[in-house]
Amino acid sequence: MASTLLIQCKSLSKSYTLHPLFTAITLGFFEGERMGLIGPNGSGKSTLLKILAGLETPDAGEITRKRDTRLVYLPQADQLDPDKTLEQSLLDAIGNPAEASALIRETIRQMEFERTDRLVGTLSGGERTRLQLCLLMLSGVNCLLLDEPTNHLDIDSMEVLESALESYDGTVIVISHDRYLLDRIPDRILEVRDGQAFSSPGGYDDWLEARGRVPA
C-alpha cells in the first residue's frame with residue numbers, strides 16, 4: 001500500500017439534530033489506495049464521503065489534503081449533457097486534442113462502447129454511469145469518491161465499471177453493498193458503526209474473517 005497521505009482527518013464529528021453520526025474520527029487516506037466504506041444504513045457513510053469531498057462540513061475536527069489532491073465525488077445522479085455525443089464528451093474531458101485520438105480509442109474499448117457518435121441521451125443507465133466514471137478518470141483527478149456506483153447496473157455494466165476501477169491508478173474511496181466489488185477493488189475496508197470508524201486491511205472477506213465471521 002502507498003505510504004503518502006493524500007487526505008488526513010483529525011477528530012471529525014458530525015450530528016444531525018439529536019442524532020450523532022460519528023464522534024472524533026481520526027484516519028488517513030493514502031495515495032493509490034482503494035478503500036471500501038461500509039456500515040449499517042444511517043451510520044454516516046455518505047456523510048463522511050461528502051465531508052471528504054468538501055460538500056458538507058463537520059461539526060468539529062479538521063481535514064487536510066495533499067497540495068496536488070484533485071478529488072471528485074460521484075453521486076448516484078449524473079450531470080451528463082444528453083445532447084453531446086460520446087466523442088464530444090470524451091474530447092471535453094481530455095482537453096488536449098493532440099492526445100485525444102489514442103485515448104478515445106482506448107477508452108471506448110475499455111468501457112465497451114460500440115460507437116462514438118451516439119448521443120449521451122440515448123445511453124442506458126448503466127452506460128451513463130460507465131461514461132461518467134470514464135470522464136472523471138480522463139479529467140486527471142487523482143481521487144475518486146464513489147457512492148454506490150453499481151446501484152441499478154446490470155451485470156455486464158458492473159463488470160466493465162469494476163474493470164475500469166482496477167486499471168485506475170489513483171485513490172478510490174467507495175461506498176458499496178456489492179460484496180463482489182468490495183472483494184475485488186479495495187485493499188482496505190473502513191467500517192463506520194456506533195459513531196466510530198474501524199479500519200481493516202484487505203477486502204470484504206478479509207474483513208469478515210477479522211470480525212470472526214466465515215465468508216459464504
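I take contact to mean heavy atoms within 4.5 Å. Axes are lines fitted to C-alpha atoms, for helices over the stretch in contact, and angles run from 0 to 180 degrees between N-to-C directions.

**Ground rules.** I am working on a predicted model, where local features need pLDDT of at least 70, side-chain atom pairs count only at pLDDT 80 or more, and totals for chains, interfaces and linings use all residues. Residues are numbered from 1 along each chain as its sequence is written, and side-chain values use heavy atoms, with hydrogens and water left out.

**Entry 1, the sheet.** I took helices (H or I, at least four residues) and strands (E, at least two) as DSSP runs, numbered from the N terminus. I counted two strands as paired if DSSP finds at least two bridges between them. In what order do the strands of the open sheet stand? I read β2-β1-β4, three strands with antiparallel pairing. β2 and β4 (60–65) are at the edges; each has a single partner strand, so one side of each lacks a neighbour in the sheet. From one strand to the next, the twist averages 10 degrees. I then looked at β1 against β2: they are antiparallel over eight bridges. Leu 12 has Ile 25 in β2 as its bridge partner.

I found α1 lying across β1, β2 and β4. This helix runs at about 130 degrees to β1. For burial I used relative accessible area: buried is under 20%, exposed is over 50%, and partly exposed is in between (1.4 Å probe, protein chains only). How many of the nine residues of α1 are buried? Seven are, so I call α1 (residues 45–53) mostly covered by that cut-off. Among them are Leu 48, Leu 49, Ile 51 and Leu 52. Lys 45 is also on the buried list. Gly 54 follows α1, with a positive phi near 85 degrees.

I noted Ser 11, with phi near 55 degrees. Ser 11 sits in strand β1 (residues 5–16). Its relative accessibility is 39%, so Ser 11 counts as partly exposed. Ala 24 also has a positive phi, near 55 degrees. Ala 24 belongs to strand β2 (residues 19–30). At 43% relative accessibility, Ala 24 is partly exposed.

I searched the whole structure for disulfides (cysteine sulfur atoms within 2.5 Å). The search found zero. Cys 9 is buried, at 0% relative accessibility. Cys 143 is buried too, at 0%.

By nonpolar core I mean a set of buried Ala, Val, Leu, Ile, Met, Phe, Trp, Tyr and Cys residues joined through side-chain atoms within 4.5 Å. The largest one has 39 residues. Leu 90, Leu 131 and Leu 165 are among those with the most contacts inside it. Elements giving it two or more residues include α2 (86–94), α4 (125–138), β6 (143–147) and α5 (155–167). Which element gives the largest share of this core? I found α4, with seven residues. I checked Leu 131 next: leaving out residues up to four places away in sequence, it touches Leu 80, Leu 86, Leu 90, Phe 113, Val 120 and Leu 123. A second, separate core has 23 residues, including Leu 12, Leu 49, Ala 53 and Leu 145.
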